[in-house]
Amino acid sequence: MIVAIDGPAASGKGTLARRIAAHYGLRHLDSGVLYRAVALRMIAQGQDLADAEAAARAARDIDPADLEDPALRSRRTGEGASIVSAVPAVRAALLDFQRRFAAEPPGAVIDGRDIGTVICPDAEVKLFVIASAEERARRRALELTNRGEPVDEAAILADIKARDDRDMNRLTAPLKPADDAVLVDTTTLDAETAFLAAVAVIEARLTAGRTAASG
Ligand SMILES: Nc1ncnc2c1ncn2[C@@H]1O[C@H](COP(=O)(O)OP(=O)(O)OP(=O)(O)O)[C@@H](O)[C@H]1O
Ligand SMILES: Nc1ccn([C@@H]2O[C@H](COP(=O)(O)O)[C@@H](O)[C@H]2O)c(=O)n1
């Protein structure tokens, strides 16, 4: 089974993806890490994030060790990822890796922005996870506070809105729900309730699939 989970920054899709993967014994890929690794490689080499050719080279050059760097989670890397991810050649360079990951047994849960629309358009289950920008900023601020990092919630909210705008309005693989995605609004749901809601969607899809196959 392939479960595609898309949604904006800090909506809770990664948290949900990890829980679903563990529950169903599937592998998990946080596809955002790939774009973050491209940005981080460019930052480390002092390159201009707006340089599309350099971004495409960095995307072709990333290796597994790049995906373990703790600096991937920084605010600057997230912003950078959102810039380089708009470059079509960057997305093209990362496409095969994601599709191969999805194709390996026993299946996968992949979260990102274009998983249901571009990477895995045939996924058995597609979820589009949202939450209000204010709630997402609150969650991100709490996460940073728990990590002992300084927090400016207003700046985080501004970042989130800028990232939403870039991710939704780029020409290649913009953030949007696939036609057959189910919306999960987590604004007022805690992580456990969001997980239970997602499992209910998955079970309904699996039952519908079994019924179609037997009829
Ligand atoms: N339903 C929820 N209620 C409250 N907090 C949540 C919920 N889901 C996730 N969180 C918390 O919100 C923060 C962001 O969640 P998470 O990293 O899963 O989001 P994301 O959509 O994967 O973000 P990104 O795309 O930026 O990686 C985390 O600190 C997480 O623990
Ligand atoms: N499938 C994806 C995943 C991510 N991106 C871009 O990377 C940025 C960082 O992603 P996080 O999930 O780690 O926050 C994100 O803002 C997107 O610009 C993408 O384009 N496609």
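Analyst: Ligand 2 is surrounded by 15 residues, the closest being Gly32, Tyr35, Ser85, Gly112 and Arg113. This is a predicted model, in which local features need pLDDT of at least 70 and side-chain atom pairs count only at pLDDT 80 or more, while totals for chains, interfaces and linings use all residues. Residues are numbered from 1 along each chain as its sequence is written, and chains are lettered from A and ligands numbered from 1 in the order in which they are written.

User: What makes a residue count as near a molecule?

Analyst: Its C-beta atom, placed from the backbone, must lie within 6 Å of the molecule. Around ligand 1 there are 16 residues, and Gly12, Gly14, Thr15, Arg139 and Glu143 come nearest.

User: How do you know which residues in the shell around ligand 1 are nonpolar, polar or charged?

Analyst: Ala, Val, Leu, Ile, Met, Phe, Trp, Tyr, Cys and Pro count as nonpolar, Asp, Glu, Lys and Arg as charged, and the others, Gly among them, as polar. The shell around ligand 1 then has five nonpolar, seven polar and four charged residues. For ligand 2 the division is four nonpolar, six polar and five charged.

User: What makes Ile110 a contact partner of Phe101?

Analyst: Two residues are in contact if their C-beta atoms, placed from the backbone, lie within 7 Å. Ile110 touches Phe101, and its other partners include Ala4, Leu29 and Cys120, with residues up to four places away in sequence not counted.
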